[in-house]
Amino acid sequence: MLHITGDTRVFAIFGDPIRQVKTPELLNHYFVEHGINGVLVPLHVSADNFDEVFEAARGIENLDGFIVTVPHKKRAFELCDEIIPASANIGAINAIRRNGEGRFIGGMFDGLGFVQGLKTQGHQLSGKKVLLLGAGGAAIAIAHALLAEGIDCLFIHNRTKAKAHALKAQLTEHHESARVEVGMPEPKIADIIINATSLGMHDSDPLPVAEDFLTPAVLAVEIIMRPAMTRFLTVAEQKGAHIHLGKHMLKEQVRLMADFMCAKDTQEGTCQLNRP
Ligand code: ATR
């Protein structure tokens with residue numbers, strides 16, 4: 001059970017809205033399970049007040065770290081004193097920790113958690129042809145992590161094509177030899193299809209991809225947590241495809257963010273940004 005004392009290290013999650021976040025339950029459970037004397041609380045902060053709250057957080061000395069969610073991920077990247085190298089090219093972060101000198105270090109764990117989640121289920125990415133559906137915040141972090149894993153080719157399909165092209169430009173700038181295509185490949189080309197759109201949260205949502213892409217040779221990957229079985233996964237399973245649930249990504253993200261904020265990670269060095 002959570003037992004808060006004067007020594008308890010404090011963590012927070014800032015977002016707007018905040019009621020829907022699952023991180024407090026998961027991270028506080030993680031703290032209890034690992035015997036960490038810490039607590040994480042949800043704090044409702046609007047974009048208008050975020051800069052002020054971020055600066056004020058520097059003065060709360062037992063606040064060891066915080067998570068940021070929609071709509072703060074990009075602004076937090078700009079406000080941090082340093083960014084870990086793995087996140088330096090993404091332009092957004094989701095966790096911050098205070099180092100020994102009081103500097104705020106940012107890291108993005110959406111993509112790393114995604115890749116780790118696949119690995120814990122025995123799925124390898126190296127050499128694979130991957131179709132990424134979506135080009136929003138989650139898709140961007142996932143795309144960077146996929147290329148870092150040495151996939152063979154990434155196809156990006158998004159309703160708003162300009163965002164897919166912008167993501168391709170960002171990716172190829174940082175991964176020069178990467179094969180990145182905008183648009184749908186022919187069916188049966190992709191080994192892995194990832195739904196990183198918000199389609200599937202509601203029963204009435206259409207499928208994010210045509211059914212003929214979902215063959216027994218495909219691994220269909222979801223990042224939506226609720227419902228656990230989206231229509232994308234249900235249809236993929238009916239068609240004989242392998243499926244991978246959204247919960248695996250979240251579990252690994254929570255572990256990575258907790259280790260990062262509690263400074264148990266082994267990150268070597270950080271990139272200097274903004275402040276001297
Ligand atoms: P997140 O941070 O969760 O990724 P986001 O940045 O708002 O959220 O991205 C949502 C993604 O779902 C985007 O790729 C979005 O497509 P657009 O870039 O065209 O907006 C996609 N998406 C949301 N609703 C959609 C719909 N009805 N049909 C197709 N794609 C949709």
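A crossing is called right-handed if the near helix is turned clockwise from the far one by less than a right angle, and left-handed if anticlockwise. Everything below comes from a predicted model, where local features need pLDDT of at least 70, side-chain atom pairs count only at pLDDT 80 or more, and totals for chains, interfaces and linings use all residues. Residues are numbered from 1 along each chain as its sequence is written, and side-chain values use heavy atoms, with hydrogens and water left out.

**Close-up 1. Helix H4 crossing helix H8.** Here the crossing of H4 and H8 is right-handed. The contact (heavy atoms within 4.5 Å) takes in Asp 110, Leu 112, Gly 113, Phe 114, Gln 116, Gly 117 and Thr 120 from H4, and His 248, Met 249, Glu 252, Gln 253, Arg 255 and Leu 256 from H8. Sorted by class, that makes 4 nonpolar, 6 polar and 3 charged residues. For the classes, Ala, Val, Leu, Ile, Met, Phe, Trp, Tyr, Cys and Pro count as nonpolar, Asp, Glu, Lys and Arg as charged, and the others, Gly among them, as polar. The axes of H4 (residues 110-120) and H8 come within 7 Å and cross at roughly 120 degrees, so the two helices are oblique to each other. Axes are lines fitted to C-alpha atoms, for helices over the stretch in contact, with angles running from 0 to 180 degrees between N-to-C directions. Under 35 degrees counts as roughly parallel, over 145 as roughly antiparallel, 65 to 115 as roughly perpendicular, and the rest as oblique. Helices (H or I, at least four residues) and strands (E, at least two) are DSSP runs, numbered from the N terminus.

**Close-up 2. Helix H1 against helix H8.** H1 (residues 23-33) and H8 (residues 247-261) have axes that come within 10 Å and cross at roughly 60 degrees. That makes H1 and H8 oblique to each other, and their crossing is right-handed. On the H1 side, the contact is made by Thr 23, Leu 26, Leu 27 and Tyr 30, while H8 brings Leu 250, Val 254, Arg 255, Met 257, Ala 258, Asp 259 and Met 261. The tally is 8 nonpolar, 1 polar and 2 charged residues.

**Close-up 3. Helices H5 and H6.** The axes of H5 (residues 137-148) and H6 (residues 161-174) come within 11 Å and cross at roughly 30 degrees, so this pair is roughly parallel. The crossing of H5 and H6 is again right-handed. H5 puts in Ala 139, Ile 140, Ala 143, His 144 and Leu 147, and H6 answers with Leu 167, Gln 170, Leu 171 and His 174. That contact has 6 nonpolar, 3 polar and no charged residues.

**Close-up 4. Around the ligand.** Residues surrounding the ligand (a heavy atom within 4 Å) include Gly 134, Gly 136, Asn 158, Arg 159, Thr 160 and Leu 199. Now for polar contacts, meaning pairs of N or O atoms within 3.5 Å. A polar side-chain atom of Lys 163 sits 2.7 Å from a ligand oxygen. Ala 135 uses a backbone N or O atom, 3.0 Å from an oxygen of the ligand. At Ser 198, a polar backbone atom is 3.1 Å from a ligand oxygen.

Close-up 5. Val 70 and Pro 71 are joined by a cis peptide bond, with omega about 5 degrees; Pro 71 is in the loop between strand S3 (63-68) and helix H3 (73-79). Another cis peptide bond joins Arg 226 and Pro 227, omega about 0 degrees, and Pro 227 belongs to the loop between strand S11 (219-222) and helix H7 (231-238). Lys 188 isn't a glycine, yet has a positive phi of about 80 degrees; look for Lys 188 between strands S9 (180-182) and S10 (192-195).

How values were computed:
Polar contact = N/O pair within 3.5 Å; in protein donor to acceptor, adjacent residues only side chain to side chain.
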